[in-house]
There are 2 protein chains.
Amino acid sequence: MVDQTLRDILQSHGLKATFQRLSILDYLMTHETHPTAEMIHVDLSSISLATIYNTLDKLVDVGIIIVIDTLKDDKRHYDYYGEPHYHIINSSTNEIIDADNFDVAPLFEAARQASGLNITGFHIEIYGVDPDQAK
Amino acid sequence: MVDQTLRDILQSHGLKATFQRLSILDYLMTHETHPTAEMIHVDLSSISLATIYNTLDKLVDVGIIIVIDTLKDDKRHYDYYGEPHYHIINSSTNEIIDADNFDVAPLFEAARQASGLNITGFHIEIYGVDPDQAK
DNA sequence: CCCCTTTTTAGAATTATTCTAATTTAGTTA
DNA sequence: TAACTAAATTAGAATAATTCTAAAAAGGGG
């Protein structure tokens, strides 16, 4: 069942499966809104804001979710990261689209060559505008 | 001369060439440190912090510089963007390496196909760790 | 060299995020 | 299943990066 899957996800990453974490992870998995801590708090109002921040930090630390903090609203947005993907941001609307139709292996290899590091992950954001916008 | 080049860069982007903007742009072009507003203010202490923030915002708006705000220090870092490039971040040290050995055209095309948008730019950050770190 | 708009500035204000320290809980062990 | 303990949660205060305000200064077109 879903609850068991959520527990497994948390525990396999070394995190205790608390009510709050299960709720927040479920929220992120079932919403495509790339929410902020505050947005989550509005919907999960029984969970303290401090816990929402703490939990999001933990989920980021273990790689279950990622942060998008390049929007112009000066807030961190969070995104469930079940499968690697990149983001396309509509600069006109600030809408974030998830996409995965690109193989990052060549980019990883280029980065390895340029830096000598062992590559562990990536954040890619592509910016665009509606094509029918004149000029 | 350098000063004239800086004026041209600013004016060709529709920005008045003030002493403060020339100083800050010169600072960004001659430092590889990906500085924060505060770091710039330490070195250019005659310029008010508000102006440094204002100027950085303007330079970002017109595309002369870009923001990196994914480091864990909760501060925005800025980078002169004379030529398109991507960033490799050493997660152990938070060092940022600029690299350009990757052709983004296929990625742009993938993003266009996925979103239908006219692609205008990108931010790519690749994360890595020193290869000699055991484990 | 005016004039007018834009820019700069100091300091106050804002607010997202972090911290604190006391309470509760998950989950392991007996 | 009861006890235990390290980890998690919480309310509220604190922090600090960034933004705002409104008054003074300056760029550059004419």
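**The surface near DNA strand D**

DNA strand D is surrounded by 26 residues, and the closest are Thr18(A), Gln20(A), Ser48(A), Thr51(A) and Arg76(B). A residue counts as near a strand if its C-beta atom, placed from the backbone, lies within 6 Å of it. The model is predicted: local features need pLDDT of at least 70 and side-chain atom pairs count only at pLDDT 80 or more, while totals for chains, interfaces and linings use all residues. Residues are numbered from 1 along each chain as its sequence is written, and chains are lettered from A and ligands numbered from 1 in the order in which they are written.

Both protein chains contribute elements here. At least two residues each come from α2 (19-30) and α4 (49-61) of chain A and from α3 (37-43) and α4 (49-61) of chain B. Helices are DSSP runs of H or I with at least four residues, strands are runs of E with at least two, and both are numbered from the N terminus. α4(A) gives the largest share of this surface, four residues. Sorted by class, the surface near DNA strand D holds nine charged, nine polar and eight nonpolar residues. In this sorting, Ala, Val, Leu, Ile, Met, Phe, Trp, Tyr, Cys and Pro are nonpolar, Asp, Glu, Lys and Arg are charged, and the others, Gly among them, are polar.

Next, the contact between the two protein chains. Here 33 residues of chain A touch 33 residues of chain B, where contact means C-beta atoms, placed from the backbone, within 7 Å. On the chain A side, β3 (86-90), β4 (95-99), α5 (105-115) and β5 (118-129) are the elements that give two or more residues. β5(A) supplies the largest share, twelve residues. The class count for this side of chain A is 18 nonpolar, twelve polar and three charged residues.

β5(A) also pairs with strand β5 (residues 118-129) of chain B, in the antiparallel sense and over eleven bridges. Strands pair if DSSP finds at least two bridges between them. Along this pairing, Gly121(A) has Tyr127(B) as its bridge partner, and Ile124(A) is bridged to Ile124(B). The two β5 strands belong to an open sheet of six strands with mixed pairing, in the order β4(A)-β3(A)-β5(A)-β5(B)-β3(B)-β4(B). β4 of chain A and β4 (95-99) of chain B are at the edges with a single partner strand each, so one side of each lacks a neighbour in the sheet. From one strand to the next, the twist averages 25°.

Notes
Axes are lines fitted to C-alpha atoms, for helices over the stretch in contact, and angles run from 0 to 180 degrees between N-to-C directions.
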